[in-house]
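Please look at the structure below alongside these notes. They cover some backbone details and one interface.

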Amino acid sequence: MTHHKPTLAVYKFSSCDGCQLSILNMEDELLDIAGALDIAYFLEATRAERPGPYDIAIVEGSITTPHEAERIKEIRRQSKVLIALGTCATAGGIQSLRNFTDAKAYAQTVYDHPEFLHYLDTATPIAEHVPVDMELWGCPVNKGQVLEVISALLNNRRPNLPAYSVCLECKRRGTICVLVDKGIPCIGPATQAGCGAICPANGRGCYGCFGPTRSTNLDSLTNILTKLERTPGETVRLFRGISGYAPTFRETADMLLKEAK
Amino acid sequence: MPSDRSPEIGSTVSIQKHIFNALLEKLKTQGYEVVGPHVENETLVYAPIQKLEDLPRGYVTEQEAGSFRLVYTGHTRYFDVIPGAQSWKQFLFPSHANLFNLKKVNGAWEMETPKPTAPAYAFIGVRGCELAAIQIQDNAFLRSDFTDPIYRVAREKAFILAVNCMHPAGTCFCASMGTGPRVEGDADLTLTELEDVFLLNVGSELGRNILAGLPYESASAFVLNAANRGLERATLQMGRSMDTSDLPDLILNNLDHPHWRAIGERCLSCANCTQVCPTCFCWDATDTLSLDGNQTRRERVWDSCFNPGYSYQAGGNTRPTIHSRYRQWMSHKLGTWKVQYGTFGCTGCGRCITWCPAAIDITVEVADLRKEIR
């Protein structure tokens with residue numbers, strides 16, 4: 001075995017930079033990361049950039065322009081392991097709301113010269129363009145999960161990422177169910193754990209930024225939520241949020257809209 | 001009156017309500033961390049309490065399937081609130097516990113096992129169903145062949161002040177399960193709240209010791225009668241009931257019944273029922289490895305049979321569908337638990353009914369299953 005430290009590249013696509021900031025916010029662990037990995041490309045952290053190939057590429061953001069669609073292919077070619085970081089990269093993020101509407105009409109309303117814009121009609125997750133080895137959800141991601149994935153890669157083991165819903169995290173931290181206790185619409189029962197149940201712990205419902213769980217019952221949850229709606233269409237808006245383009249949430253919102261018609 | 005007198009074990013005394021503060025004070029001086037029902041962020045939790053006024057005086061809870069509301073009515077009683085989502089489980093079987101740490105030193109792993117510690121808790125307001133739940137968890141964690149050191153350290157030191165339930169909630173069915181509304185298990189003190197006084201039944205030497213020197217009177221026949229009448233009324237006011245006469249056979253002989261699938265269509269598999277259940281004891285062990293691979297920490301966390309990862313093993317998931325997970329849970333509570341421990345794993349507290357977002361009601365499901373079979 002050589003003593004070569006694995007190289008890391010961190011890329012940004014269409015996104016707010018919040019997930020990259022979550023890496024930089026790991027103040028206590030950052031030195032350990034820098035000790036374990038050779039940071040070769042991470043513009044948010046350093047101007048120094050070294051050419052690929054890289055052992056690990058972490059990609060933030062969704063694909064929203066023709067240029068990005070090309071660039072991600074090149075990054076894939078340069079990377080042994082590619083991790084999609086955050087809900088923009090795993091589901092399209094908040095900008096994928098354009099997928100449900102006419103992006104051109106918005107561009108014409110907002111810009112004087114929309115003809116100068118080069119954009120795709122949709123904002124799509126990385127996995128729709130290139131094979132992705134691992135997806136970390138969240139808006140932003142949870143730093144513990146980022147560390148867990150890096151640690152798993154470095155130590156050649158499977159990462160320990162939860163398959164259960166946010167409800168279990170609420171109960172473990174002693175948070176009282178906002179849905180049952182206050183009648184607040186919450187999609188925590190259908191949302192992947194990992195955030196630590198931040199929103200319910202602060203008295204609001206979960207809006208699903210960690211994406212759908214693999215095993216849940218969206219039909220039943222929709223029945224419950226439509227009865228709790230404080231304004232018409234609230235359930236659709238809950239599902240069609242940050243993770244709204246994730247397949248099961250997308251289908252749920254589509255179905256509700258079809259029923260409403 | 002002599003100040004060092006103390007009541008006999010088994011006797012019932014009456015105290016003025018404000019004297020309860022002296023009782024709490026005494027527990028604190030003896031080193032107890034006193035916890036009880038408390039209103040926080042407009043809901044009901046079990047939290048440290050300092051004085052009588054920290055208890056939810058004037059509140060009631062309205063509980064139905066899938067719905068809980070804490071309501072202030074302004075009545076003058078301190079113990080009318082039927083418990084919410086939290087239970088004493090969180091103190092005896094904490095949701096997170098460090099099991100051990102491993103460290104690689106000179107190429108060899110060194111293990112450090114932290115000695116379990118817990119405060120001496122004084123639980124104020126343990127209901128009959130909750131006391132039964134503690135005894136059910138005792139059966140799992142304090143066996144003759146194996147004891148759980150984390151549970152044991154908290155359990156052995158705990159002081160229990162139980163409360164007879166005078167006003168059960170809509171989802172309560174303890175009368176069916178034989179655990180309430182009258183406290184039947186071993187408590188250090190058992191309290192019954194009347195309009196003007198607290199009655200305290202002395203259950204242990206510890207309870208006797210706490211009352212020693214406090215101004216109490218022996219309970220008159222009149223107040224004892226009032227308490228009994230209140231408890232009889234409470235039995236009749238029970239929001240729900242469950243026929244247990246044909247359990248566990250009803251469930252264990254019908255594991256392939258189509259009714260399980262019908263429940264699976266409503267169940268969210270969110271795990272709420274198991275987490276609020278005061279007897280559910282399942283946990284997972286998670287390892288957190290340092291980046292350099294030289295240190296790891298193993299932690300025990302609450303888990304649930306509704307977590308798809310819970311039944312995942314080599315070869316796949318043994319309970320891949322939601323209905324199979326629900327069936328696992330209910331057939332354990334009302335079926336195999338009895339085979340395993342000799343009691344049901346359900347005390348009739350109603351939490352799983354109240355806190356199920358999908359309003360699945362274990363009493364209704366048992367009744368429906370029975371109806372469909374006949």
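1. B:Ala359 lies in the loop between α12 (351-354) and α13 (362-373) of chain B; helices (H or I, at least four residues) and strands (E, at least two) are DSSP runs, numbered from the N terminus. Phi of B:Ala359 is near 55°, a positive value in a residue other than glycine. B:Ala359 is partly exposed, at 32% relative accessibility; buried means under 20% relative accessible area, exposed over 50%, and partly exposed in between (1.4 Å probe, protein chains only).

2. This is a predicted model, in which local features need pLDDT of at least 70 and side-chain atom pairs count only at pLDDT 80 or more, while totals for chains, interfaces and linings use all residues. Residues are numbered from 1 along each chain as its sequence is written, chains are lettered from A and ligands numbered from 1 in the order in which they are written, and side-chain values use heavy atoms, leaving out hydrogens and water.

3. B:Glu42 also has a positive phi, near 60°. The loop between β2 (33-40) and β3 of chain B holds B:Glu42, which is exposed, with a relative accessible area of 64%.

4. Most residues other than glycine have a negative phi, and most peptide bonds are trans. The bond from B:Gly180 to B:Pro181 is cis, with omega near 0°, and the one joining B:Leu247 and B:Pro248 is cis, with omega about 5°. B:Pro248 sits in the loop between α7 (221-236) and α8 (249-252) of chain B.

5. The contact (heavy atoms within 4.5 Å) takes 45 residues from chain B and 33 residues from chain A. Across this interface, zero salt bridges are found, a salt bridge being a side-chain nitrogen of Lys or Arg within 4 Å of a carboxyl oxygen of Asp or Glu.
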